[in-house]
Amino acid sequence: METEKNRKTKLDYQAFLPYAALFLLAAYFAFRQMRTGNIIIGSDTIFHYNRFYEAAEQIKHGNFNWFMSLYGYNRSGRVINALYGPLFAYANGLLLLAVGTWYRYQLVSSFIVYLVGGFGMYAALRRFKARRSVATILAMLYLTIGWLPRWQGATNFSGISAAMMPYGILVAADMIFDKEKPIHWVKLGLLMAVALEVHLLTAVMYMAFLLPAWLYAMIKNKGQQKLWLSTCQAVGLAVLLALNTLAPLFWMSKSNHLAAPSTMGMMGNALHLKHTYVAVAPTGLLGYNQRDGLTYWMFYIFLFQLGYAIWQRQKSQINCWLSLYGGFWLLLSSRLVPWDHISNRLPALARYLQFPSRFTCIAYPLLLIGMGMSAEIMLRKSRRWSWLVYGVTGAALVLSTSSMVRYMNAYAWNGYLNNVGHNASSKFGREVTAPGKYKSRRSGRYTVSLTDSRKQALRQTNAATHSKDLHKFLTLTKKPIADYLPVYKQDPKPVINGWAEGYKNRVYWHLQTVKASKSYNKTVLSHKVRKGVKFKALKGGRLRLTWTSTGKKKRLPIVTYAQSKLTVNGKLLAKYRRSRIGAPKVASRKGKNVAVLEFVTPLWMKLLLAISLLSWPGFICASLGVKLRA
């Protein structure tokens, strides 16, 4: 009896070890940054931290507006969170309030993202029959490659996508392996709802990724009526739960001309191979496997996996198909695809997909699962293969971790990414507070030199992340991002004669975004426009501006949409001049002036939001009730 009890304790202990290993690796990544005392100001940090600050302040003051920004984005009134994962923004707002400073927030949120990604990857590997030791090594390797580390290093939301992708694989596994109930509609609906609430592009990638598994389930079960019913139930649940972001996105897009995200050069952001080398810090050991970089040695491992899976297809067809599908997404993410030519004809891809390397969020998990299945075939065949399996996977983990930590360590000691430091449109520290006195020195069309003055401004900004005044850091940053701004002036579209002139499409949309960003910078963020204007968030989700004037017209540093209601000195304005992105220019009287900005939400939209938001606790309570009865 005692022996059996000891055996059970040992098994429980062994089952806990992989999670402990992933926990320790995530803690190690956070610890390496903690030693520097800096946050890493990445390419998307300013944009997303304004989102989370807005949510945190609304929660803190109990003053909610689902649409209009009352505290973040320089109190400009622009609409962001309602269109870009509102519930996830509020969840991050709660976390920000709990930890108290931006420095702690970045460490804790990065740690959580690593855990979510690692635990999900381990569960997916185990679902596809990889043994515990191999699954642990590969799950740890997953934390060091692709986009997942980019949440800590750049606040890129594709890092969240990478962390969530293994959970999509678990749903796909049900469709493949569960013969009695291949489509678990609650699980599928919840997965899609969470993806829609977090990152719309993640939801789109889930759909593309899950489609083959869904088709397999439908063909295998001859399209049974209950599978169609389960699919419709999953779609209904996802739409119901995510209606709080889908309905505003559709409504705002129809009633306003919203600026699209920046148009990117797709070929420059596609996956490419990095030369293998040995170098000292900060460039790392044997290359770079993050974002759009893939080292030759990692590529050869993936290539071997593809070849072995095809060779052993008789022993494991699922490994063959899974690896081929992963290889397809790896190819699609690479420069082997003529992305610039494609984006010339389909410019929307350059605006919304932006980076083909994002497809590695699908490719890497699939290929790693394939590696886990191939390792199992080898180890079952003979123990002699263990040196190859553990040698290759272990070496890959050590090398990739070393490289990732060295790069991250360099970013953390600097406190910013190099491209952020050189970005001409981003301003920091005294460049924001005293722009006339401190100016960046241009080194190119879109870049500035990293002078001592610029470095000092960045250090000043980073120091503010330790303050419990969360607004302080944001007042020392400025980056004019055009996403979702209303555009009231659009240039005429170019005339395109044939395939050769397709590039004009991409250039046109790029210029529209640039012009919207410049208008936002000039009419909303400009120190000159904001000088003398005081802002106050009023109860009921309204924004008040006060300024003193000599009677001249005043440009108000706010953004107005078709739904905006602007009152100046007690008079509701029916018509007023607006800048390209909706910053109003109004008449002022001598002395003190007061303007109040509101966002008018119709009753039907309020009802849809209420139904969607109430469906979350309702769903949770119903799920708990079912589990308790079981």
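## The five-stranded sheet

In this predicted model, 5 strands form an open sheet in the order S5-S6-S12-S8-S9, with antiparallel pairing. Two strands count as paired if DSSP finds at least two bridges between them. The edge strands, each pairing on one side only, are S5 and strand S9 (571-572).

Strand S6 (residues 542-550) and strand S12 (residues 590-599) run antiparallel and are joined by 8 bridges; Trp547 stands opposite Asn593 in S12. S5 and S6 also run antiparallel, joined by 5 bridges, and Phe535 has Leu545 in S6 as its bridge partner. These two strands, S5 and S6, form a hairpin with 3 residues between them, and Gly540 in the turn has a positive phi of about 90 degrees.

## Basis of the model

Residues are numbered from 1 along each chain as its sequence is written.

## Overall dimensions

The protein has 23 helices and 12 strands, taken as DSSP runs numbered from the N terminus (helices: H or I, at least four residues; strands: E, at least two). Its C-alpha atoms fill a box of roughly 90 × 65 × 60 Å along the principal axes.

## A bent helix

Helix H10 (residues 225-255) spans only 39 Å between its end C-alpha atoms, whereas a straight helix of 31 residues would span 45 Å at 1.5 Å a residue; the expected span is 1.5 Å times one less than the number of residues. H10 bends by about 75 degrees at Leu243, the bend being the angle between axes fitted to the seven residues ending there and the seven starting there.

## The second largest pocket

The second largest pocket has a volume of about 700 Å³. Of its 33 lining residues, Asn74, Val432, Thr475, Leu525 and Arg530 are the closest to its centre. Elements giving two or more residues to this lining include helix H2 (45-61), helix H21 (503-525) and strand S5 (534-538).

On a 1 Å grid over the protein atoms alone, a pocket is an open set of points where a 1.4 Å probe fits, with protein on both sides within 12 Å along at least five of seven lines; lining residues have an atom within 4 Å of a point. Points are joined across faces, edges and corners, and the volume is the space filled by probe spheres set on them.

Terms used: Predicted model: local features only at pLDDT ≥ 70, side-chain atom pairs only at ≥ 80, totals over all residues. Heavy atoms only, no water.
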